[in-house]
Amino acid sequence: MRKFFIFITSTLITLCVSAETIVCTPGKLSGLISDKDVTSLQLSGAINALDFKFIADELKQLQSLDITNCNIEAYSSNKALFGNAHSFKAHEVPAACFAGSTISQFVLPTSLKSIGEGAFACCNGIEAITLPAEVDSIAAHAFSACQHLSAIVLPAKVTMVGEGAFAHCTSLAKLTIDDEGRTENIVLGSLSFVNCTSLAEVTLGSMTQSIGSRAFSGCSNADFAVTIAANSQLSEIGEGAFMASGIKAFNFANCPKLTVIPEYAFATSSLTEVAIPETVKHIGEGAFFYGTDIATISLADCSASISNLMFAGCKNASTTGLDDSTNEIGKYAYYGWNQTQKLVLPEAVSFVGDYAFANMSSLEKITSKNLNAPELGEAVFNGVTPSNVLLTTRPEASGYATAEQWKDFMHTLNGDADNNTRININDIATIISHLNGRTPSNFIFEAADANVDDIVNNSDLNDVLNIIVSSEPKQETN
């Protein structure tokens, strides 16, 4: 009885699995297939777009296709084969030829150079595929929505990954760009990996030149990490490239050729730190919009202008990144920083845009270093109670007491440690008392911190003394 069951089982397997090995001439495959229910097919020789058309339309049971020893020849005709395409290049998997196919295993020709547009789109049976070493381009949507594809290695000759080439590959966990032997840079097109929600490991390699707009947008895996080789050739990141992604770190220091961070590049991402080197000269609107995981910001003199919405919603950041080079702050730039207690505006800041510091509901202190009150847009401090906020300015500053919005704050002078509206020797005595542990009741820390370094020490004594000396009238000599 046991032998009978083994015989029946082996017979059923033989019936279910049908394999053929065929030597082809271009365009003749249809006449060489004996069984259209074949499930496994191995081809050698040469094929063209007509043969791909036959496979796609007639071999509905095919699960495995091995064309590793085939040459793909050029083909053209007056009749469209796939979509509106009439002409097909040599050494290329034709555009859309396997789109939506149920084939789960492909072994591609060693001579293959390119993957046509949408060639394997929506092939949900593919879990893995090896791109031959000679492949140099992957067209738009080539593997889009291959929902079970788990990893991809881009060979060293690939120079272009087209728009949406791997978009919506929701099982794709690992992307590697092979740099070994690479002689040309590679460009990742717009949307190329958009919404690859399982993507966790991306190795770009040193010769990745460009990342297109929204290329990794929606790659929301909490473990999503991007490794960038030292001295990377990366010179361009597209708008929204990492928007709404799980990325936590991006090593800008390894990208000396990157001079611009574009609009919404890391908006709503999981980035924890913004450390921009001086090689970056411009940061676009909303670049880090609602980066609620950002803890620290360092701009390294890279951006004189803080763009609109640049850090809006980054409420957990402990530093604004404003430095001596900053001269303008855009609309909604720091909107919603509701945990910020202290704000220091550099001397060069002359304009602050609409709602730039709106909803800083915890704000207690502002220090403005500009001698002239910066121009303010509409409702810059909307949601802030100015009567509860201490504004500290330099003694020789003007305009703050009368300018709209500025005049509503509690005003004290830089150096006026005893808060009596005058800076004199009594302020020196007040600071000394504080340093000796006998802080007077009228002591104002922000005013005593003359050099605005969040510490009151001997340096502040010297600065206050200099303020007093410079403000004393000079005696005329005959």
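**Before you start**

This is a predicted model: local features need pLDDT of at least 70, side-chain atom pairs count only at pLDDT 80 or more, and totals for chains, interfaces and linings use all residues. Residues are numbered from 1 along each chain as its sequence is written, and side-chain values use heavy atoms, with hydrogens and water left out.

**Stop 1: the whole chain**

The chain holds five helices and 29 strands. These are DSSP runs, numbered from the N terminus: helices are H or I with at least four residues, strands are E with at least two.

Switch to a surface. Buried residues make up 46% of the 478 residues. Buried means under 20% relative accessible area, exposed means over 50%, and partly exposed lies in between (1.4 Å probe, protein chains only).

**Stop 2: salt bridges**

How many salt bridges does a search of the whole structure find? The search finds 11. A salt bridge here is a side-chain nitrogen of Lys or Arg within 4 Å of a carboxyl oxygen of Asp or Glu.

Select Arg 394 and Glu 347. Their closest N and O atoms are 3.4 Å apart, in a salt bridge. Arg 394 sits in the loop between strands S28 (390–393) and S29 (410–413), and Glu 347 in the loop between strands S24 (342–345) and S25 (351–352), so the pair ties together parts 47 residues apart in sequence. Arg 394 is partly exposed at 24% relative accessibility. Glu 347 is partly exposed too, at 45%.

Next, pick Glu 446 and Lys 365. The closest N and O atoms of this salt bridge are 2.6 Å apart. Glu 446 is in helix H4 (residues 445–448) and Lys 365 in strand S26 (residues 365–368), so the pair links distant parts of the chain, 81 residues apart. Is Glu 446 buried or exposed? Glu 446 is buried, at 10% relative accessible area. Lys 365 is partly exposed, at 26%.

Then try Glu 404 with Lys 407. This salt bridge has its closest N and O atoms 3.1 Å apart. Glu 404 is exposed, at 55%, and Lys 407 is partly exposed, at 40%.

**Stop 3: two loop residues**

Zoom to His 168. Its phi is near 60 degrees, a positive value in a residue other than glycine. His 168 lies in the loop between strand S11 (160–161) and strand S12 (174–177). It is partly exposed, at 37%.

Finish at Asn 231. This residue is not a glycine, yet it has a positive phi of about 55 degrees. Where is Asn 231? Asn 231 lies in the loop between strand S16 (225–227) and strand S17 (236–237). Asn 231 is exposed, at 59%.
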